[in-house]
Amino acid sequence: MKIGIIGFGRLGRLIAKNLSQDFELYVYDKIDYASDITALGAISTDLEGIYQCDTIIPFVPISAFEDLVKAIAPHLAPNTLIIDVCSVKVHPMQVMQKYLPKSIQVLGTHPMFGPDSAKTTLMGSKIVLCKERVQDELYDNIVYYLKKFGLKVIEATPEKHDQEISSSLLLTHFIGRTLIDFEAQDLEIDTAGYRRLMKILGTVENDTWQLFEDMNKYNPYAQKTIERFLETQKIIKDKLYK
């Protein structure tokens with residue numbers, strides 16, 4: 001099977017490193033990463049080479065996903081599988097249904113890990129799958145392959161994913177970004193709880209502001225969750241300093 005990756009950022013590199021062990025992997029990026037791509041056992045190519053692949057996985061910012069899907073749609077062969085890896089699911093699933101022909105297969109995913117948390121192993125990490133428009137046999141093979149790596153596969157609707165992720169990933173990032181702007185730092189006189197807070201900071205400091213902004217902008221449940229969190233903080237503060 002030929003798999004094509006569009007985008008060779010931090011997550012794209014991580015996934016490419018794993019997929020290149022089992023598949024004929026082609027990678028395209030606007031920046032010339034040919035030597036890095038070859039070092040992973042993959043093949044550096046242009047978009048024309050990507051269009052020849054059986055499966056295509058875009059690794060682009062959420063805000064760029066719609067434009068990319070519109071651009072590649074006319075060039076895809078029937079039965080090509082497009083897998084999105086966005087950290088929101090309602091938006092990309094709507095985009096793919098809108099712009100991709102019915103002959104194109106569609107699978108939504110959210111790898112619940114990244115280059116920092118999975119730099120040594122994928123074992124025990126989670127991945128969410130939103131089965132939208134993909135052949136049953138192919139889908140079953142994908143699930144089997146993911147579980148072979150020790151991944152915990154969670155099946156969900158795009159709505160359920162976005163609702164729950166707004167209280168887990170987005171809230172974590174919000175707290176982590178707050179700690180960064182608060183200029184929180186390691187202290188000699190600390191507690192286990194404080195060290196856990198610093199661990200939250202560490203999980204988000206290598207991610208871009210664009211990712212943080214896109215996760216909130218394109219998740220329909222994000223603003224309500226953050227507002228509820230801030231309102232709760234105010235209630236506690238007012239109760240403490242009444």
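## Cysteines without a bond

A disulfide is a pair of cysteine sulfur atoms within 2.5 Å. With that in hand, a search of the whole structure turns up zero disulfides. The structure here is a predicted model, in which local features need pLDDT of at least 70 and side-chain atom pairs count only at pLDDT 80 or more, while totals for chains, interfaces and linings use all residues. Residues are numbered from 1 along each chain as its sequence is written, and side-chain values use heavy atoms, with hydrogens and water left out.

Buried means under 20% relative accessible area, exposed over 50%, and partly exposed in between (1.4 Å probe, protein chains only). C53 counts as buried at 3% relative accessibility, and C86 counts as buried at 6%.

## The sheet

Now to the strands. Helices (H or I, at least four residues) and strands (E, at least two) are DSSP runs, numbered from the N terminus, and two strands pair if DSSP finds at least two bridges between them. Eight strands form an open sheet with mixed pairing, in the order β3-β2-β1-β4-β5-β6-β7-β8. At the edges stand β3 and β8 (152-155), each with a single partner strand, so one side of each is left without a neighbour in the sheet.

Strand β1 (residues 2-6) runs parallel to β2, joined by five bridges, and K2 stands opposite E24 in β2.

Strand β2 (residues 24-28) is mostly covered, with four of its five residues buried. It pairs in the parallel sense with strand β3 (residues 43-44) over two bridges, where V27 stands opposite S44. The chain goes from β2 to β3 through helix α2 (residues 34-39), and this β-α-β crossover is right-handed.

## The largest pocket

On a 1 Å grid over the protein atoms alone, a pocket is an open set of points where a 1.4 Å probe fits, with protein on both sides within 12 Å along at least five of seven lines; lining residues have an atom within 4 Å of a point. Grid points are joined across faces, edges and corners, and a volume is the space filled by probe spheres set on the points.

The largest pocket has a volume of about 1,500 Å³. It is lined by 50 residues, and R10, L11, P115, D207 and L211 are the closest to its centre. Elements giving two or more residues to this lining include α1 (10-19), α4 (62-72) and β6 (105-112). The largest share, six residues, comes from α4. The lining divides into 28 nonpolar, 14 polar and eight charged residues. Here Ala, Val, Leu, Ile, Met, Phe, Trp, Tyr, Cys and Pro count as nonpolar, Asp, Glu, Lys and Arg as charged, and the others, Gly among them, as polar.

## The second largest pocket

The second largest pocket holds about 450 Å³ of space. Of its 25 lining residues, L19, I83, I142, Y145 and L146 lie nearest its centre. The largest share of this lining, five residues, comes from α6. The lining has 21 nonpolar, four polar and no charged residues.

Note on methods. Right-handed = clockwise from strand over helix to strand, strands pointing away.
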